[in-house]
Amino acid sequence: MRSIFLPKSMLAAALGGVVVLVGFGAQNATADQTSVSTVATTSDDDAETRFLELADLISQICAPDVSSSVDAVASASVADTTAAEPTPDSTQPVLVDPVALTVAEECAAQRHQLRISRAFSGIDTATYAEMRDKLTTLKYPAARIHRMPDFSGEPVVRLDLRVGAEHLALEVTDINNGVMVQAFGTPEGVSVTEVRLEPLLDPPTS
């Protein structure tokens with residue numbers, strides 16, 4: 001069988017073509033991966049930006065110079081809303097007690113509670129994924145949504161609403177055709193999932 005020999009110049013050109021093609025493909029693959037990563041990062045950044053805009057708006061409304069009547073209503077609303085809140089059936093260790101919220105944080109809590117309760121009114125979110133997806137449409141980034149143990153089979157999440165040195169967090173528990181939203185303060189440097197909340201309702205016995 002005859003062997004075909006190419007001149008060195010032609011052989012180099014042929015090999016060079018292969019190298020170029022392979023390199024081009026590798027570059028394309030790398031570019032695709034970078035593109036996907038960039039899109040995900042951009043999406044996360046956009047979600048956080050939208051949340052910070054919402055938090056800033058609520059913070060301005062709840063600034064200390066607002067009328068005392070607004071703060072009084074906010075505090076009363078928080079007390080009324082959280083009076084019947086359940087805590088999750090948790091088997092994970094809880095490490096710290098909640099801290100007190102400032103007047104401005106209580107006002108902000110009331111506004112977050114109201115908008116979440118309204119958005120979930122008449123909706124049965126049977127799974128964590130459904131609750132998470134609904135909350136993301138309300139400008140709460142997925143990175144700030146933390147899954148908790150279910151309460152009597154219903155999904156529970158905690159929202160980390162802290163900005164800067166603030167303490168505000170919420171626990172959202174699914175109930176029939178709605179949610180219950182409990183506000184609490186999280187110490188600095190502690191995850192919202194590590195805060196101990198007092199039981200406000202006993203789980204059903206049947």
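This is a predicted model: local features need pLDDT of at least 70, side-chain atom pairs count only at pLDDT 80 or more; totals for chains, interfaces and linings use all residues.
Figure 1. Residues are numbered from 1 along each chain as its sequence is written, and side-chain values use heavy atoms, with hydrogens and water left out. Two or more of the lining residues come from each of helix 1 (8-61) and helix 3 (103-120); helices are DSSP runs of H or I with at least four residues, strands are runs of E with at least two, and both are numbered from the N terminus. Sorted by type, the lining has ten nonpolar, three polar and three charged residues. For that sorting, Ala, Val, Leu, Ile, Met, Phe, Trp, Tyr, Cys and Pro are nonpolar, Asp, Glu, Lys and Arg are charged, and the others, Gly among them, are polar.

**Figure 2. Arg-144 meets Glu-48 in a salt bridge.** A salt bridge means a side-chain nitrogen of Lys or Arg within 4 Å of a carboxyl oxygen of Asp or Glu, and by this rule the model has five. In this one, N and O are 2.8 Å apart. The partners come from distant parts of the chain, 96 residues apart: Arg-144 is in the loop between helix 4 and strand 1, and Glu-48 is in helix 1. Arg-144 is buried, at 13% relative accessibility, while Glu-48 is partly exposed, at 23%. The cut-offs are under 20% relative accessible area for buried, over 50% for exposed and in between for partly exposed (1.4 Å probe, protein chains only).

**Figure 3. Two further salt bridges, Arg-196 with Asp-97 and Asp-133 with Arg-132.** Side chains of opposite charge can pair when their charged atoms come close. Arg-196 and Asp-97 meet at 2.5 Å, N to O. This pair also links distant parts of the chain, with Arg-196 in the segment after strand 4 and Asp-97, 99 residues apart from it, in the loop between helix 2 (68-82) and helix 3. Arg-196 is partly exposed at 31%, and Asp-97 is partly exposed at 48%. For Asp-133 and Arg-132, the closest N and O atoms are 3.2 Å apart.

**Figure 4. The hairpin of strand 1 and strand 2.** Strand 1 and strand 2 (residues 154-160) run antiparallel, joined by five bridges; strands count as paired if DSSP finds at least two bridges between them. Phe-151 faces Glu-154 in strand 2. Two residues lie between the strands, and Ser-152 in the turn has a positive phi of about 50 degrees.

**Figure 5. Positive phi at Lys-139 and Asn-177.** Lys-139 is not a glycine, yet its phi is about 75 degrees. Look for Lys-139 in the loop between helix 4 (128-137) and strand 1 (145-151). Asn-177 has a phi near 55 degrees and sits in the loop between strand 3 (168-175) and strand 4 (178-185).
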